Number of protein chains: 2
Amino acid sequence: MLKHFLVPEKDQVLVSEEKARAGTQAVFEKMGIPADEAASCADVLLTSDLRGCESHGISNMLRAYIASYGDGSYNAHPDVKTVRESSVTATWDGDRGLGLHLGPRAMNLAIEKAKEHGMGAVAVKNTRHFGMLAYYVMQAIEQDMIGMAMVSAGGGAQVPTNGAEPAFGTQPIAWGAPADKMPPFVFDVATTQVAANKLALTRRIGSKIEPGWIANLDGSPIMEAVDVPEFGSFRMLPFGGTRENGGHKGYGFAAIADIMSGILSGNGPGFIAEKDYSFFVMAFNVEAFIDTNEFKTDMDKLLTKLANTTPAPGHDRVYYAGLPEHEETEIRRRDGIPYHKEVVDWFNSMSSELDLGMSMP
Amino acid sequence: MLKHFLVPEKDQVLVSEEKARAGTQAVFEKMGIPADEAASCADVLLTSDLRGCESHGISNMLRAYIASYGDGSYNAHPDVKTVRESSVTATWDGDRGLGLHLGPRAMNLAIEKAKEHGMGAVAVKNTRHFGMLAYYVMQAIEQDMIGMAMVSAGGGAQVPTNGAEPAFGTQPIAWGAPADKMPPFVFDVATTQVAANKLALTRRIGSKIEPGWIANLDGSPIMEAVDVPEFGSFRMLPFGGTRENGGHKGYGFAAIADIMSGILSGNGPGFIAEKDYSFFVMAFNVEAFIDTNEFKTDMDKLLTKLANTTPAPGHDRVYYAGLPEHEETEIRRRDGIPYHKEVVDWFNSMSSELDLGMSMP
């Protein structure tokens, strides 16, 4: 992760995984979600925080979720309906359930179909915030499968290349594959230059954002380093940034996430569906294409090559997607998760307000 | 397409689709490919030229293909073997056949499987240059399906983010979906900042390339506008360019293309397989997930919204992937394809050398 998003050391409070997990599960239970499902929801957030992806962990999300369960926009008891189903596909109506409440279940169905037939995909409409997509592709990786996930996240943030009006959300896409001895490849990115939650982090941390990350309201890219403006006073650029720098590629992938998640699920394009998020998860059973051991050995060859690449001047090391997160998880499991002190204060006051009987650190 | 890649008007020679198609098919037949398959190969190249994607049309590719059939590295009579097959997947050994010779057949099998079961995917190892990926996703679109295609194209061009040694080729990815009244969404990009063939075009045209498109041999990005250096004296950067500008996203998608095409097919990672290209094509049957008419109506809503977006200052219009290519096809079908005069000269001398009895314009 870029230094722009790291909590400065002086503001860090280390909290053990165990304590953070118990506190998070208690919150979901308090929202009315049954204990086993609350544990699954907490696992998605904790996995984010352990991987160093705190943009999608407790810090930003938990209080937003509490507010949304509170005002009735999230349904703690979604009655998920199967709209269509085939041997390898399914379409669900998520009944306003939180994405990370339904996501693990959807990926499990995709995996089940892939186990039997080679591939499986589930498109889910009428759902809410999805959390860190890496979580779902990691479910597939654990079953020796390739995982893929996409989200259509409304239409109010991201402008098309050279456009002044937004048409998409941040539209994340994730893809992952297992290896043998090497940590797995786990790729998870916003199709904007930067995830909205990471912009929120820079504000908490007080760091500037890079030229070409966002645009003015008229669509013109802001080409200086600036403090994050107030939400609502800027647009997000597709990854790549300007057209010359390949912004049309980010824009294209954003549209793909809208098509695969929003339109294919029946949720409709994000700019119409708005806060009715939709998602698409898929599993490819490696064994259907090739001997799984051969695949994993070749993955090791690729990932070893990448991790041992001679770095360019000014850099210590070359990474691949999933490697730094794997290393960070080992550190955080051992030392605790470095939350911002403001987050810990919030947790403790919320815990006493909701009578959770939990405290950090 | 950026102006960097357009043939200057003074160098253009307009050639009718009919004449270019007949000439191209005659070349493939001369290489020993049966007439119907030669017509299919020619259709891939001509579709590129009609869409304004001349980087992947006759100008760069046909003479390269002739050389490779001539020196025996391409097999004009590939004996394609099915390595594995399930109801929705297949893995083929392409027996050194040209990618665009086998690609249409592979996508047809994916479509057939998707028709019956909802999805279909075919991974092909031991093949050669694939041409314009948009072609294959357009095959799926014609059947009211979503199409996807990826290629692993060796390991000698693209550096990982912050790396000095190349690990990938240009690793293109394409995705497309049908609409009702609007031209379909057809997205096809290199995961490098720019396709290798487009760099060749800038040399023919004499235009400079943009800052952050390529790197020095030590991996440091070249941050000025420069003439394209000699091939072999630079590295290609993943799309996004530098890490701060999101280059790790292009790098991740390049790895995905290597995994889905190279490793899943059994071809191995591109940096080992080198000129043994591999590809992956997939079809998603819309009807398996949702009523096809509802899908296409929603696609129209999205594409209409995008095409009618108020442009940012300094821009006339907002496009979506596939729209300018659709418009260009109509113009070129009517007026002819504007080849560079040097390409026409080459065609005519090659034609007389190979005794094709064809001439342009």
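These legends accompany several close-up views of a predicted model.

**View 1. The cavity found in the search of the whole structure.** Welcome to the inside of the model. Searching the whole structure turns up one cavity of 30 Å³ or more. The space in this largest cavity comes to about 30 Å³. Its lining is formed by Val7(A), Glu54(A), Ser59(A), Leu201(A), Arg204(A), His340(A) and Val343(A). Sorted by class, those lining residues are three nonpolar, two polar and two charged. Rolling a probe the size of a water molecule over the atoms is what shows where empty space is left.

**View 2. Helix 7 of chain A crossing helix 10 of chain B.** On the side of helix 7 of chain A, the contact is made by Tyr251(A), Asp258(A), Ile259(A), Ile263(A) and Leu264(A). Helix 10 of chain B answers with Phe295(B), Asp298(B), Met299(B), Leu302(B) and Leu306(B). The residues of this contact divide into eight nonpolar, no polar and two charged.

**View 3. Helix 2 and helix 5 of chain B.** This view stays within one chain. The axes of helix 2 of chain B (residues 35–50) and helix 5 of chain B (residues 134–142) come within 10 Å, crossing at roughly 100 degrees. Angles of 65 to 115 degrees count as roughly perpendicular, and helix 2 of chain B and helix 5 of chain B are therefore roughly perpendicular to each other. Asp43(B), Val44(B) and Thr47(B) of helix 2 make the contact with Tyr135(B), Tyr136(B) and Met138(B) of helix 5. By class, this contact has four nonpolar, one polar and one charged residues.

View 4. Have a look at the backbone here. In chain A, the peptide bond from Met360(A) to Pro361(A) is cis, its omega being near 0 degrees. Pro361(A) sits in the segment after helix 12 (341–353) of chain A. In chain B, the bond from Met360(B) to Pro361(B) is cis, with omega near 0 degrees. Pro361(B) is found in the segment after helix 12 (341–353) of chain B.

**View 5. Gln171(A), with a positive phi.** Although Gln171(A) is not a glycine, its phi is positive, at about 45 degrees. Gln171(A) belongs to the loop that runs between strand 5 (145–152) and strand 6 (173–177) of chain A.

**View 6. Val226(B) and its contacts.** The last stop is another loop. Val226(B) lies between strand 8 (214–215) and strand 9 (235–236) of chain B, in the loop that joins them. Leaving aside residues up to four places away in sequence, Val226(B) touches Lys208(B) and Ile209(B). Asp49(B) is 177 residues from Val226(B) along the chain, and the C-alpha atoms of the two are separated by 27 Å.

Conventions. Residues numbered from 1 in each chain as written. Chains lettered and ligands numbered in written order. Predicted model: local features only at pLDDT ≥ 70, side-chain atom pairs only at ≥ 80, totals over all residues. Heavy atoms only, no water. 1 Å grid on protein atoms, 1.4 Å probe; cavity = no way out; pocket = protein on both sides within 12 Å on 5 of 7 lines; lining within 4 Å. Points joined across faces, edges and corners; volume = space filled by probe spheres on them. Nonpolar A, V, L, I, M, F, W, Y, C, P; charged D, E, K, R; others polar. Contact = heavy atoms within 4.5 Å. Helix = DSSP H or I, 4+ residues; strand = E, 2+ residues; numbered from the N terminus. Axes fitted to C-alpha atoms, helices over the stretch in contact; angles between N-to-C directions. Parallel < 35°, antiparallel > 145°, perpendicular 65-115°, else oblique.
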